[in-house]
Amino acid sequence: MKFIVSKKLSDTPVMRIILIWMFTVLEGVLVLNLVAKSIDYGTSLGEWKSVIMGNEAEFIDPLPLSDLVLQVHTDLFALIMIFVMIASVLGRSPLPRQLKVFVLGSALASLLLYPLGWLSVTWFGSASVAAGAFAFILFHLVMLIAGMVLIVGLIRKRI
Amino acid sequence: MPARFVRFAAVAFGSLIFVQLCIGALLFYLLIGFSAEEVMEYYRIKSFHGLLETLIPHLLFISIVLMATLHFLAFVQTKDNGEKVRLSHTLFILFLVDQTSPIAIAQGAEIFAYVKIGAFLGFELVLGWVWMIIFTSSLKAA
């Protein structure tokens with residue numbers, strides 16, 4: 001965790017290169033995760049609802065709760081790691097404090113809403129699916145933008 | 001590193017890990033159950049490859065989570081450094097016992113069903129305790 005306690009990351013050339021590569025790969029992971037989710041669940045809210053809650057008209061069974069929990073459990077492991085890696089470097093960047101609070105706060109809120117939304121589908125139905133889907137997409141967009149900012153900052157030796 | 005950011009990081013990471021632990025416990029309940037008979041029944045029919053499919057990602061990710069969690073202890077005051085060392089040893093041992101006991105259950109050692117449940121609950125409790133120490137110290141420093 002040396003990069004967390006270093007004063008300026010760009011002062012260590014090797015660390016700077018490692019972080020640029022790591023964030024580049026993380027950007028790829030975020031994009032591919034969105035693509036994988038769109039293949040599994042569809043690209044519209046209606047399709048997401050059909051997969052999770054089922055659709056009698058189209059003879060689609062609802063996703064078993066254990067499968068849904070397993071999916072959220074697996075997703076959350078990876079998303080927490082991505083959040084920690086990006087937050088630990090973003091916290092040290094010279095960006096305005098309010099912007100950092102907004103970016104990290106919205107990412108944290110969406111990362112908490114995603115599992116809570118989907119796991120409350122039994123009680124709140126389609127509103128839960130919509131909340132979970134919105135949070136999942138918002139988290140990925142916020143992290144994609146934050147990752148891009150960090151890559152540019154590291155290339156320009158501002159971080 | 002600003003103390004405010006360390007506090008934010010501790011709260012953010014702690015709340016996410018708490019949610020993940022709750023989901024893990026819910027998954028354990030839905031897939032297996034918390035009685036020794038259910039644990040034995042679930043793991044007895046598993047192949048060694050099937051066990052490894054769960055074991056490998058858990059070993060990888062939970063060890064990273066424990067490393068990240070325990071490194072926050074370096075920023076907080078405890079009674080003595082020995083407490084931090086004891087908590088680190090306890091967490092990693094409980095984690096390893098929890099993750100590897102299904103192999104023994106699948107080999108027919110049914111007593112490990114009780115070991116598995118005990119280690120799982122112990123791991124969750126000790127991890128919760130560590131986060132309580134981190135949160136309490138963060139609030140005192142605020």
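The contact between the two chains takes 19 residues from chain B and 20 residues from chain A, two residues being in contact if their C-beta atoms, placed from the backbone, lie within 7 Å. On the side of chain B that touches chain A, helix H1 (3-31) and helix H3 (48-72) of chain B are the elements that give two or more residues; helices are DSSP runs (H or I, at least four residues) and strands likewise (E, at least two), numbered from the N terminus. H1(B) provides the largest share, 14 residues. By class, this side has 15 nonpolar, four polar and no charged residues; Ala, Val, Leu, Ile, Met, Phe, Trp, Tyr, Cys and Pro count as nonpolar, Asp, Glu, Lys and Arg as charged, and the others, Gly among them, as polar.

The model is predicted: local features need pLDDT of at least 70, side-chain atom pairs count only at pLDDT 80 or more, and totals for chains, interfaces and linings use all residues. Residues are numbered from 1 along each chain as its sequence is written, and chains are lettered from A in the order in which they are written.

Chain B has five helices and zero strands, and its C-alpha trace spans about 50 × 25 × 25 Å along its principal axes. Among its contacts between residues at least 6 apart in sequence, 77% join residues at least 24 apart.

Within chain A, helix H4 (residues 65-90) packs against helix H7 (residues 126-155) at an angle of about 40 degrees, with the axes 10 Å apart; axes are lines fitted to C-alpha atoms over the stretch in contact, and angles run from 0 to 180 degrees between N-to-C directions. Residues of this contact include Phe83(A) of H4(A) and Gly147(A) of H7(A). They divide into 10 nonpolar, one polar and no charged.
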